[in-house]
Amino acid sequence: MDKFILADMTWPEIQEGFKTAKMVIVPIGAQEQHGHHIAEGCDSYRAKYFCHLLAEKCYPDVMVAPTINYGVSPHHMAFPGTITLRPETLQALLEDIVASMTKHGIKKFLFVNGHGGNTAAIAVAAEQLARKYNAEIAHTKFIDAAKQTIQKEIDSEYFGHACEREISECLYLVPEIVRQEHIEVGKMNEESFALAYKNNPFVRVVYDFDEITNNGNIGDGTKGSYELGEKMIQEALANLSEFVADFIKTNRI
Ligand SMILES: [Zn+2]
């Protein structure tokens, strides 16, 4: 495991690793409430352990940078323990990581995001940094790479936070952060304006989670399972490892 995790390697080991690894993967998570049944590091842990599996699959072509354990989470601030970054802070962190790594000769990056609230900030950072540092930067909300399984296996009207999808991912990747005895169905606020527009195909509204859910989660966590987690993570790993293989062999700059 320590052959591709920068935090667990010495500089001579990293120097050796960079002879084959031309790309760095950056896991990005969040510290935010996930209902009564998942610990608040959920998105950080999922991103981290997913990246370890991805790097293992892509060895020796990639290395994994330390996880960014905070994200853009202002919409969860009504719940205790959430810590939010400003989008600019996340972008500044990404810039410093890219600036440092390009000094070491790395020109390709994959930002692997575990939290939807980070998506807009990451997209802007990728756009700016790729041009500023003459780098090739791809980014993914990694669970989007498991679309087939999600469409087939999940049928809740609303899901996406501390739900059957996230609980299943956790049961597969990091089961110790799930409180099985406290798993609850999302208690939705059906009166909420934001909820009425949550699944709208062409409009997004900015909202707080306490507006739409009374217990912090959305979806039906009771339907989560290790097996569903395994299916989703394996689908995402297959799709993203295929992308990585393409990305590293194509030189566009
Ligand atoms: Zn989450």
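The expected span of a helix is 1.5 Å times one less than its number of residues. The exercises below apply this and related rules to a predicted model.

**Exercise 1. Find how the span of helix α2 (residues 42–58) stands against the span expected at 1.5 Å a residue.**

Step 1. Helix α2 has 17 residues.
Step 2. From its first C-alpha to its last, α2 reaches 24 Å.
Step 3. The expected value is also given as 24 Å, and the span of α2 is close to it.

**Exercise 2. List the buried residues of α2 and the elements that they pack against.**

Step 1. A residue counts as buried when its relative accessible area is under 20%.
Step 2. In α2 this holds for C42, D43, S44, R46, A47, F50, C51, H52, L54, A55 and C58.
Step 3. An α-helix has 3.6 residues a turn, so residues three or four places apart point the same way.
Step 4. Among the strands, the buried residues of α2 pack against β1 (23–28), β2 (62–64) and β3 (108–113). Among the helices, they pack against α6 (164–173) and α9 (226–249).

**Exercise 3. Describe the overall fold: what is the order of elements, and how does the radius of gyration stand against the globule rule?**

Step 1. The protein has 9 helices and 4 strands.
Step 2. Read from the N terminus, the order is α-β-α-β-α-β-α-β-α-α-α-α-α.
Step 3. The radius of gyration is 18 Å, close to the 18 Å that the globule rule gives for 253 residues, so the protein is as compact as a globular protein of that length.
Step 4. The C-alpha trace spans about 55 × 35 × 30 Å along the principal axes.
Step 5. Of contacts between residues at least 6 apart in sequence, 79% join residues at least 24 apart.

**Exercise 4. State what share of the residues is buried, what the accessible surface consists of, and how far apart the mean positions of the charges lie.**

Step 1. Of the 253 residues, 52% count as buried.
Step 2. The accessible surface comes to about 12400 Å², and carbon and sulfur atoms account for 52% of this area.
Step 3. There are 24 positive and 35 negative charges, and their mean positions are 8 Å apart.

**Exercise 5. Examine the backbone at P60, N134 and A162.**

Step 1. P60 is in the loop between α2 and β2. The peptide bond from Y59 to P60 is cis, and its omega is near 5 degrees.
Step 2. N134 is not a glycine, yet its phi is positive, at about 50 degrees. The residue sits in the loop between α4 (119–132) and β4 (136–141).
Step 3. A162 is not a glycine either, and has a positive phi of about 50 degrees. Its place is the loop between α5 (147–153) and α6.
Step 4. A162 has a relative accessible area of 0%, so A162 is buried.

**Exercise 6. Decide whether F4 is buried or exposed, and name its contacts beyond four places in sequence.**

Step 1. F4 belongs to the segment before α1 (11–17).
Step 2. Its relative accessibility is 4%, so F4 counts as buried.
Step 3. Beyond its neighbours within four places in sequence, F4 is in contact with M9, H52, A55, E56, Y59, V62, M63 and V64.
Step 4. F4 and H52 are 48 residues apart along the chain, with their C-alpha atoms separated by 8.2 Å.

Definitions and conventions:
Residues are numbered from 1 along each chain as its sequence is written. This is a predicted model: local features need pLDDT of at least 70, side-chain atom pairs count only at pLDDT 80 or more; totals for chains, interfaces and linings use all residues. Side-chain values use heavy atoms; hydrogens and water are left out. Helices (H or I, at least four residues) and strands (E, at least two) are DSSP runs, numbered from the N terminus. The radius of gyration is taken over C-alpha atoms; the globule rule is 2.2 Å times the number of residues to the power 0.38. Buried means under 20% relative accessible area, exposed over 50%, partly exposed in between (1.4 Å probe, protein chains only). Contact means heavy atoms within 4.5 Å. Accessible areas come from the Shrake-Rupley method with a 1.4 Å probe; for residues, only the protein chains shown count as cover. Lys and Arg count as positive and Asp and Glu as negative; His and the chain ends are not counted. The place of a charge is taken as NZ of Lys, CZ of Arg, CG of Asp or CD of Glu.
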